[in-house]
Amino acid sequence: MRNGVPGAGTFRDIFRITAVIDVIYGLGFLLVPAILFGMSQDPGVPANPGWVRWAGGLLVGIAVGEWLAAKDPAKQRPMVTFLVLGHGLTALALIYSALSGEYQGVAWFIWSSVIVTGVIAVIMFWLLGKYRPVL
């Protein structure tokens with residue numbers, strides 16, 4: 001056990017990989033949402049890309065937080081909790097959209113996002129279990 005958590009290097013690697021994934025999604029929504037809309041081929045996409053640019057900015061900010069958290073994984077239990085909830089709820093929202101018929105675009109686009117966010121949520125949940133319980 002180093003830095004208060006077992007496998008601190010693993011924690012760092014996971015934070016950094018997640019940061020890269022989140023910054024890619026974030027930059028896509030922030031800078032080129034129309035391209036993402038086109039890739040989805042969903043006829044119900046917003047006419048104004050401004051409706052999703054804010055989410056891109058938030059994702060970029062989260063990615064920066066993840067990268068900074070990698071420097072001291074022992075003190076990141078709140079960040080990991082946030083990431084479990086954020087990515088987990090995102091995956092559930094996307095699943096709901098796909099199964100309810102709200103999303104009408106190509107299947108690969110939404111299901112790849114479900115898998116990416118769901119896997120991140122599961123990995124973060126696993127990391128959460130590695131922290132000592134807070135009393």
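Leaving aside neighbours within four places in sequence, His87 is in contact (heavy atoms within 4.5 Å) with Thr18, Asp22, Glu66, Thr117, Ile120 and Ala121. The structure is a predicted model, in which local features need pLDDT of at least 70 and side-chain atom pairs count only at pLDDT 80 or more, whereas totals for chains, interfaces and linings use all residues. Residues are numbered from 1 along each chain as its sequence is written, and side-chain values use heavy atoms, with hydrogens and water left out.

His87 lies in helix 4; helices (H or I, at least four residues) and strands (E, at least two) are DSSP runs, numbered from the N terminus. The residue counts as buried because its relative accessibility is 8%; buried means under 20% relative accessible area, exposed over 50%, and partly exposed in between, with a 1.4 Å probe and protein chains only. Thr18, one of the contacts of His87, belongs to helix 1, which covers residues 8-31. Thr18 is also buried, since its relative accessible area is 4%. Apart from residues up to four places away in sequence, Thr18 touches Glu66, His87, Ile120 and Met124.

Glu66 is in turn one of the buried residues of helix 3, which also include Val52, Gly56, Val60, Ile62, Ala63 and Ala69. These buried residues pack against helix 1, helix 2 and helix 4. At 1.5 Å a residue, the 20 residues of helix 3 should span 28 Å, and the end C-alpha atoms are 29 Å apart, which agrees. The expected span is 1.5 Å times one less than the number of residues in the helix.

Pro33 is found in helix 2 and counts as buried because its relative accessibility is 1%. Not counting residues up to four places away in sequence, Pro33 touches Gly28, Pro49, Val52 and Arg53. Pro33 and Gly50 are 17 residues apart in sequence, with 8.3 Å between their C-alpha atoms. Tyr96, by contrast, is placed in helix 4 and counts as exposed because its relative accessibility is 53%. The C-alpha atoms of Tyr96 and Ser112, 16 residues apart along the chain, are separated by 14 Å.

The largest pocket has a volume of about 1100 Å³. Of the 39 residues that line this pocket, Phe29, Leu59, Thr90, Leu94 and Ser113 are the closest to its centre. Two or more lining residues come from each of helix 1, helix 2 (33-40), helix 3 (50-69), helix 4 (77-100) and helix 5 (107-130). On a 1 Å grid over the protein atoms alone, a pocket is an open set of points where a 1.4 Å probe fits, with protein on both sides within 12 Å along at least five of seven lines, and lining residues have an atom within 4 Å of a point. The lining divides into 26 nonpolar, ten polar and three charged residues.

Considered as a whole, the chain has five helices and zero strands. Buried residues make up 36% of its 135 residues. Among contacts with a separation of 6 or more, 72% join residues 24 or more positions apart. The C-alpha atoms fill a box of roughly 50 × 30 × 25 Å along the principal axes. The chain averages a pLDDT (the predictor's confidence in each residue, from 0 to 100) of 92, and 93% of the residues score at least 70.

Notes: Points joined across faces, edges and corners; volume = space filled by probe spheres on them. Nonpolar A, V, L, I, M, F, W, Y, C, P; charged D, E, K, R; others polar.
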